[in-house]
Amino acid sequence: MCSAAACSQNKQQKVSQKSTYPVTKTDEQWQSELSKEAYAIMVKRGTERPYQNPYWNNHKKRFYVSAATGDTLFTSDTKFECGTGWPSFYKPYNEKAVKVVTDESLGMVRDEVVESKTGLHLGHVFDDGPRPTGNLPGHMLKNLM
């Protein structure tokens, strides 16, 4: 099993980023539970360098689970090559495991994918990539521990 923070795309309802989530922890608690990289990406909404993460070019059959909760978020069956240097998925393993929220940071409006239980950042959804299923592609931008 590998831990992953991930992002997917499908036609999920967008919700406010200020939503409440069932699992809430302080920054200090997340820092003590997550790796330094996972904390920077998931809690602080950072990003890792493209093509320099362990799963962007991984073709093994596997489940991708959250570094924060251990919940299965994606499988290799819905992973595809989008040319960004980050693992990409077109559909979550469990529709209830992720939410799409509006991200208005950095002077832009984007669709952000967060973990449903925690609200932690998993990545962003873009509509300009390859279409393996006819849906908008999902770019997995974040930590895959």
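Good morning. Helices here are DSSP runs of H or I with at least four residues, strands are runs of E with at least two, and both are numbered from the N terminus.

A word on the source before I continue. This is a predicted model, in which local features need pLDDT of at least 70 and side-chain atom pairs count only at pLDDT 80 or more, while totals for chains, interfaces and linings use all residues. Residues are numbered from 1 along each chain as its sequence is written, and side-chain values use heavy atoms, with hydrogens and water left out.

Let me turn to the helix itself. H2 spans residues 36-43, and its buried residues are Ala38, Tyr39, Ile41, Met42 and Val43. Buried means under 20% relative accessible area, exposed means over 50%, and partly exposed lies in between, with a 1.4 Å probe and protein chains only. What covers these buried residues? The cover includes helix H1 (27-33), strand E8 (110-115) and strand E9 (121-125). Within H2, Ile41 counts as buried because its relative accessibility is 2%. The C-alpha atom of Ile41 is separated by 8.9 Å from that of Gly123, although the two residues are 82 apart along the chain.

Leaving aside neighbours within four places in sequence, Trp30 is in contact (heavy atoms within 4.5 Å) with Val23, Lys25, Tyr39, Val43, Ala68, Thr118 and Leu120. The charged end of Lys25 sits over the ring of Trp30, 4.9 Å from the ring centre. By definition, a charge sits over a ring if NZ of Lys or CZ of Arg is within 6 Å of the ring centre and within 35 degrees of the ring normal.

I come now to the charged pairs. Side chains of opposite charge can pair when their charged atoms come close. A salt bridge here is a side-chain nitrogen of Lys or Arg within 4 Å of a carboxyl oxygen of Asp or Glu. By this rule the count comes to 6.

Arg45, with which I opened, forms one of them with Glu112, their closest N and O atoms being 3.0 Å apart. This pair links distant parts of the chain: Arg45 is in the loop between H2 and strand E3 (63-65), Glu112 is in strand E8, and 67 residues separate them. Is each partner buried or exposed? Arg45 counts as partly exposed because its relative accessibility is 34%, whereas Glu112 counts as buried because its value is 0%.

Lys117 and Asp71 meet in another salt bridge, at 3.0 Å from N to O. Here Lys117 is in the loop between E8 and E9, and Asp71 is in the loop between E3 and strand E4 (72-75), 46 residues apart. Lys117 is partly exposed, with a relative accessible area of 36%, and Asp71 counts as partly exposed at 23%. Arg110 forms a salt bridge with Asp103, with 3.1 Å between the closest N and O atoms, and both of these residues are buried.

Next, the strands. E3 and E4 pair in the antiparallel sense over 3 bridges; two strands pair if DSSP finds at least two bridges between them. Phe63 stands opposite Thr75 in E4. The two strands form a hairpin with 6 residues between them, and Gly70 in the turn has a positive phi of about 85 degrees.

Finally, the aromatic residues. The structure holds 5 aromatic pairs. Tyr64 and Phe89 form an edge-to-face pair, 5.0 Å centre to centre with 65 degrees between the planes. Rings of Phe, Tyr and Trp (its six-membered ring) pair if their centres lie within 6.5 Å; planes under 30 degrees apart count as stacked, over 60 as edge-to-face and the rest as tilted. Tyr55, Tyr64, Phe74 and Phe89 form one aromatic cluster.

Thank you for your attention.
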